[in-house]
Amino acid sequence: MARTLHPLLLLAAVLSATDAAGQTWRGLVVAPEQRCSPYRSDDYSYPQSVEASIVRELGGIYSPYTGERFASTGQTDIEHMVARSEAHDSGLCRASSATRRAFARDLLNLTLASPGLNRGVKGARDAADWMPQRNRCWFAARVVAVRKRWGLTVDVREANALEAVLSGCSATELEVTPGDGSAVQQPGGATDALELWDDNGNGMITCAEARRHRIAPVPRGHPAYPFMRDGDGDGVVCERDEQ
């Protein structure tokens, strides 16, 4: 039997993203991302203590994205499934400071990942540009649930990417890998960083390249940071549009 195409997928196939705006998909308003006010990560602050609650929810120091288990939380990052900057551009640019902080601390949207994956691979990418190796059904369902909870919009590309996953899911529960899980090497060395983000091969990574690969803003500790110019020395590169 031929599979029926989801209405939004059919819509996107015949209309431009602009034409599709205003439609709904799985209870979410479809709209282009819009930065209606400047994004500042400090507006989306969260305490490191939330990490203990994430570990309790996961049942250990574990990354659902890769199946890795870690000896301590010193080896992991707190990871926002819907990135804070993504949420900002999907509606929270109009929200109060209290709402932004509450979003940043919402356990529904938090998990653990290795620093290499969190900062160097996923970054602020949405589901149209990045999906985890494992637990894709869980991840996609969480992204939809988080966007619903906080009244966020979704753009056509991400809706289509999520639908492509969810339409094939028989369940969306988190599947924890038995045993130690599998270690996945993440980029962190000079060769990896330059191969990933140095598009012109000059041995440096520019803000244009960082934005093209959606890793900006780049904090100290990110694999790309050593190959970038931090003009004001504040430990973050490409945090402003003019850089």
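Analyst: What follows goes through the disulfides one by one, then turns to the helix and cores around them.

The model is predicted. Its protein chain has 10 helices and 6 strands. Of the 243 residues, 47% count as buried. Among contacts with a separation of 6 or more, 71% join residues 24 or more positions apart. The chain exposes about 11,900 Å², and carbon and sulfur atoms supply 50% of that area.

The count of disulfides comes to 3. With the bonded cysteines numbered in sequence order, the pairing is 1-2, 3-4, 5-6.

Start with C36 and C93. Their sulfur atoms are 1.9 Å apart, and the two form a disulfide. The torsion about this S-S bond is about 110°, so the link is right-handed. C36 sits in the loop between β2 (28-29) and α3 (50-58), while C93 sits in the loop between α4 (84-89) and α5, so the bond ties together parts 57 residues apart in sequence. C36 has 34% relative accessibility and counts as partly exposed. C93 has a relative accessible area of 5% and is buried, because the cut-off for buried is under 20%.

Next come C137 and C169. This disulfide has its sulfur atoms 2.0 Å apart. The torsion about the S-S bond is about -95°, so this one is left-handed. C137 belongs to helix α7, and C169 to the loop between α8 and α9 (190-197); the pair links distant parts of the chain, 32 residues apart. C137 is partly exposed, at a relative accessible area of 23%.

The remaining pair is C207 and C238. The S to S distance in this disulfide is 2.0 Å. With -90° about the S-S bond, the link is left-handed. C207 is in helix α10 (residues 207-212) and C238 in the segment after β6 (236-237), so to speak distant parts of the chain, 31 residues apart. Both C207 and C238 are buried.

The buried residues of α7 are W138, F139, A140, R142, V143, V144, V146 and R147. Two arginines, R142 and R147, are on that list. After α7 comes G151, whose phi is positive, near 65°.

In soluble globular proteins, nonpolar side chains tend to be buried together. Here the largest nonpolar core holds 32 residues, and those touching the most other members are W25, Y65, V82, F103, F139 and L162. The elements giving two or more residues to this core are α5 (97-104), α7 (136-149) and α8 (156-166). The largest share, 6 residues, comes from α7. F139, one of the buried residues of α7, reaches well beyond its own stretch of sequence. Leaving aside neighbours within four places, F139 is in contact with Y65, M81, K122, A127, W130, M131 and P132.

A second, separate core has 13 residues, including W197, C207, A210 and Y225.

How values were computed
Residues are numbered from 1 along each chain as its sequence is written. This is a predicted model: local features need pLDDT of at least 70, side-chain atom pairs count only at pLDDT 80 or more; totals for chains, interfaces and linings use all residues. Side-chain values use heavy atoms; hydrogens and water are left out. A nonpolar core is a set of buried Ala, Val, Leu, Ile, Met, Phe, Trp, Tyr and Cys residues joined through side-chain atoms within 4.5 Å. Buried means under 20% relative accessible area, exposed over 50%, partly exposed in between (1.4 Å probe, protein chains only). Helices (H or I, at least four residues) and strands (E, at least two) are DSSP runs, numbered from the N terminus. Contact means heavy atoms within 4.5 Å. A disulfide is a pair of cysteine sulfur atoms within 2.5 Å. Accessible areas come from the Shrake-Rupley method with a 1.4 Å probe; for residues, only the protein chains shown count as cover.
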